[in-house]
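New notebook page, new structure. I'll jot down what I look up as I go.

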Amino acid sequence: GLRRLRGDGLHLRVRLRSPPPAADAICTLRESLKSNKNYIFYCQSCGDIVVKDRKFLRVLPLPSENWSDLVEEWCCHPDPFARSTLHPQHGDCFLGDTFFLLNSGNESHVPESPKAKENTRVICKRCKTMLGETISSDTIKYYVTEVIIQPAEGSFSPTPRSQFVQSMVAQCLLELSSAKSTFRFTIKGDNGKTYILIWLLNSDTLLVESLGSSSSQSIFTPFGDILMPSSGPVGTWNAVKVLYQPCIKCRNKDLADAWENDMGVHPLKFPSETCLELLLILGLSTTSLPPSLRCMNSFQV
């Protein structure tokens with residue numbers, strides 16, 4: 001099946017025999033957080049300790065973000081939950097789609113009395129990265145892309161930034177597509193803006209790269225690490241295949257508005273800086289494909 005495509009080089013199909021890749025070292029929060037175990041929370045960017053020894057008596061999943069909109073469909077009388085909010089106690093950890101809620105207790109990096117929107121941002125003391133935001137006087141939201149959680153008896157092992165971001169976002173997409181049969185997502189910043197539209201195509205792609213002509217070795221991101229991991233003479237790893245559209249600077253506004261009003265599209269919220277990082281990661285991934293495989297209809301692959 002060897003053929004030459006204009007501007008694209010030679011294309012061929014080969015049968016490959018390769019050992020399966022190791023399971024992703026970054027497991028989901030639902031799997032990694034257990035009750036009655038001690039954990040330390042680290043800033044993913046610099047490794048500074050964010051939350052010291054914390055033991056959770058309860059680790060509970062939150063209802064989906066639009067649960068309150070659906071209450072009137074369930075109840076024949078006025079919303080019984082209108083005045084109640086979900087606030088974790090000191091021994092609680094509540095898990096959302098892209099974040100977890102903790103009782104802030106006496107964490108020193110949490111703003112004492114947030115008045116303006118910018119004062120609710122929770123910032124790492126060492127590297128000034130945004131880690132999350134305060135929800136109330138005693139509740140703090142940490143984003144899964146900004147914090148590494150490890151058992152207290154273990155030691156901190158850093159993960160390259162771009163590798164961590166794409167792994168955590170892929171986990172979010174896989175969990176939601178599996179639980180809710182949702183395959184279209186809007187990536188939103190903490191400022192409320194939509195940055196990316198993502199359409200999950202499949203989750204069983206296997207990427208293979210020979211060390212002899214390693215294209216990823218020369219791709220360095222602004223995060224200071226190589227975009228894709230490689231192991232041995234042939235690197236293999238699992239990947240998800242997505243279609244995406246950038247929405248920065250009012251691009252694809254009509255499509256973004258249509259997705260905004262579509263009940264089949266699920267919003268995912270991250271810090272605005274992380275949304276831009278993710279857009280850069282997607283762009284670098286696209287440019288590593290042959291030109292003829294970079295687009296599908298109006299979407300980038």
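Started with the surface: Leu 2, Leu 10, Leu 12 and Val 14 make a nonpolar patch there, with about 440 Å² of accessible area together. For my own reference, patch members have over 30% relative accessible area and no salt bridge, with like charges joined within 9 Å and nonpolar side chains (Val, Leu, Ile, Met, Phe, Trp, Tyr) within 5 Å. A salt bridge is a side-chain nitrogen of Lys or Arg within 4 Å of a carboxyl oxygen of Asp or Glu. Areas are Shrake-Rupley values with a 1.4 Å probe, and for residues only the protein chains shown count as cover. Leu 10 sits in strand β2, residues 9-11.

Note on the source: this is a predicted model, where local features need pLDDT of at least 70, side-chain atom pairs count only at pLDDT 80 or more, and totals for chains, interfaces and linings use all residues. Numbering runs from 1 along each chain as its sequence is written, and side-chain values use heavy atoms, leaving out hydrogens and water.

Next I looked up the elements: five helices and 17 strands, taken as DSSP runs numbered from the N terminus (helices H or I, at least four residues; strands E, at least two).

Then I picked an open sheet of six strands, ordered β5-β6-β7-β10-β9-β8 with mixed pairing; a pair needs at least two DSSP bridges. β5 (58-61) and β8 (121-123) are at the edges with a single partner strand each, so one side of each has no neighbour in the sheet.

Inside it, β9 (residues 130-136) and β10 (residues 139-143) run antiparallel, joined by four bridges. Thr 134 faces Ile 140 in β10.
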